[in-house]
Number of protein chains: 2
Amino acid sequence: MTFADALACLGPLDADAAADAVALQDRLAKPRGALGRLETLGTRLAAIAGACPPPLPAPVAVAVFVGDHGVLAEGVTQWPQEVTGQMVAAFCAGGAAINVLARQVGAEVVVVDVGVATDLAPAPRLLDRKVRHGTANLATGAAMTLDEARRGLDVGAEVAAEVVAGGARCLVTGDMGIGNTTPSAAIIAALTGRPAAEVTGRGTGIDDATHLRKTRVVEDAVARLASSEPLDVLASVGGLEIAALAGFVVGAAAARVPVVVDGVIALAGVVVAAALAPGCLDFCIAGHRSTEPGATAALEHLGLIPLLDLGLRLGEGTGACLAVPVVQAAARILVEMATLDGAGVTGKE
Amino acid sequence: MTFADALACLGPLDADAAADAVALQDRLAKPRGALGRLETLGTRLAAIAGACPPPLPAPVAVAVFVGDHGVLAEGVTQWPQEVTGQMVAAFCAGGAAINVLARQVGAEVVVVDVGVATDLAPAPRLLDRKVRHGTANLATGAAMTLDEARRGLDVGAEVAAEVVAGGARCLVTGDMGIGNTTPSAAIIAALTGRPAAEVTGRGTGIDDATHLRKTRVVEDAVARLASSEPLDVLASVGGLEIAALAGFVVGAAAARVPVVVDGVIALAGVVVAAALAPGCLDFCIAGHRSTEPGATAALEHLGLIPLLDLGLRLGEGTGACLAVPVVQAAARILVEMATLDGAGVTGKE
């Protein structure tokens, strides 16, 4: 399934299933509204699946999209580019944070090379979908061609379709790529209209001088954009894993499977996806609020309220993965909880 | 184990294990601090267990303490008293919200009758530890005697010791009792010094007139208190399940097992426990922020920052239960995650 195929499959939320869920929530053995966001989330899951109660959002698949960034030449981070490939090896060996958290919530991890600068040794759970060996330096020209951006979108949509075909009923966005908070900030600035200084953060923990340099890189890149058309923005100042993330959420929406979105990198992808296909947002659940300022800017722009706020800024899908049990709990309440009548509760509101 | 026994067993956090955890967090394959509260929480778990890495906080036991309240005579809620016993039946049948969420996180539920007004039929997972058939009306006199309050504390400490003896390595507070937000508000007002109007909420969703009446009941009860000694406050304006919750967290601390605390009822218990034995707080993890205003007042008084904030106000232990995967994830990171060296990552901060 290409990105264009996924776009063509997008449908609206199921209003009847949502209404059924609201009515069911009010009959369950609890005061009305007492489960707070679990209730609104359960209703959304019913609307996504087109069924009340909705199916449990399981099995869960985390797709970690990986790419490198030519903008590293500008000195925007203290980590060298080879760490991207080293982290892919860690993902495949099962020792990275996302592997640990995926095991905690019973999720499978698939790693997708969309644009790592080096050639990677084949490994189980590693998909070679490399579009190019890292992006070009967005400070001196377009990060990629329009065609490469489109191929990145296709990779994401294809991976979503593949993991759903493999049985996944809840998708989680993951990402890795040394330097990728810079293109994320640039995309978010360009498509939300926020100034670079408001959306450019410290990523892995850079010092003041590096942060200032990074902010200027973002500011200049956005100022040079010839258009605010989302595909142009993605190609000019984006990244290949960000393109794939945009395709992935549209692919999830096309499959009518909820997708739990991680931090600033994933949200840059969702900002692009929503600009291309606003309807995909209905299928996105913001897993957490990263400490990166661009994440909050994107969440506000998209109208998404994150489930968790635990001070994470690692990426990889870690914050979204932690939110999975909450998403599953919301569905499980509708599937398994007794009604007031069924429990023989005589109280009235 | 009595409450007094538990108090005698309380020890400090293990500073060496905490230091080891901080050092280990900094060697893991991620930027320093990038896992936010998962890191501070993991360090706390190491300090609780006295080992780094800490053991996984599993199996998990949710203890739902149940009692009735004479203050219902004042018309503080729209739900009739018989709902307390009906909900006990729902807990034992496995159809209540806490059962659903416990299944989601792999926890066992035990139900403890500390003071239900009616006699309950025996059921699996139901412990009969009834101290009396409901409290007296705190608006017209002491809710219970000092001896009954002590027996409530003992029940909680005993149940903590029993579930730990049965293998539990993570405890979760649960509660049920129609009317119990009124004694909770009174305890929190009395022991934090906040005015009744600031800590008295709408519980299950009462109307303005009922809320005004409830606030006055709390205000008057606190004004009539002869002492601010915690045991006096507990007996005068408390509830039996609140006494048991106070005993339960001290019992968990005595066993050096983390206890995840739910909403306003549980926090009223923790406020009492902390007044009697401040050291027990080190073993308490605030699971979530209930929408009840007394919960936030108690959290601030205790210096606890909740893990989740999802608009829940059901009680039963539901909010705390939802936080269990986060607590387990924090330990799992220290147990399973690769170090930078181990993962062959060459980056430097």
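Reply: Happy to! Please keep in mind that this is a predicted model. Let's begin where the helix ends: just after H6(A), Gly167(A) adopts a positive phi of about 115°. The helix itself, H6 of chain A, covers residues 146–165. Its 20 residues reach 29 Å from the first C-alpha to the last, close to the 28 Å expected at 1.5 Å a residue. Looking along H6(A), you will find these buried residues: Glu148(A), Ala149(A), Gly152(A), Leu153(A), Val155(A), Gly156(A), Ala157(A), Val159(A), Ala160(A), Val163(A) and Val164(A).

Now for the aromatic rings. Over all chains, the count comes to two aromatic pairs. One of them joins Phe65(A) and Phe248(A) edge-to-face, with 5.2 Å centre to centre and 65° between the planes. This pair links distant parts of the chain, as Phe65(A) sits in strand S1 (residues 60–67) of chain A and Phe248(A) in helix H11 (residues 240–254) of chain A, 183 residues apart. Phe65(A) counts as buried because its relative accessible area is 0%, under the 20% cut-off. Phe248(A) is buried too, with a relative accessible area of 0%.

In chain B, Phe65(B) and Phe248(B) form an edge-to-face pair, at 5.2 Å centre to centre and with 65° between the planes.

Key
Residues are numbered from 1 along each chain as its sequence is written. Chains are lettered from A and ligands numbered from 1 in the order in which they are written. This is a predicted model: local features need pLDDT of at least 70, side-chain atom pairs count only at pLDDT 80 or more; totals for chains, interfaces and linings use all residues. Side-chain values use heavy atoms; hydrogens and water are left out. Helices (H or I, at least four residues) and strands (E, at least two) are DSSP runs, numbered from the N terminus. The expected span of a helix is 1.5 Å times one less than its number of residues. Buried means under 20% relative accessible area, exposed over 50%, partly exposed in between (1.4 Å probe, protein chains only). Rings of Phe, Tyr and Trp (its six-membered ring) pair if their centres lie within 6.5 Å; planes under 30 degrees apart count as stacked, over 60 as edge-to-face and the rest as tilted.
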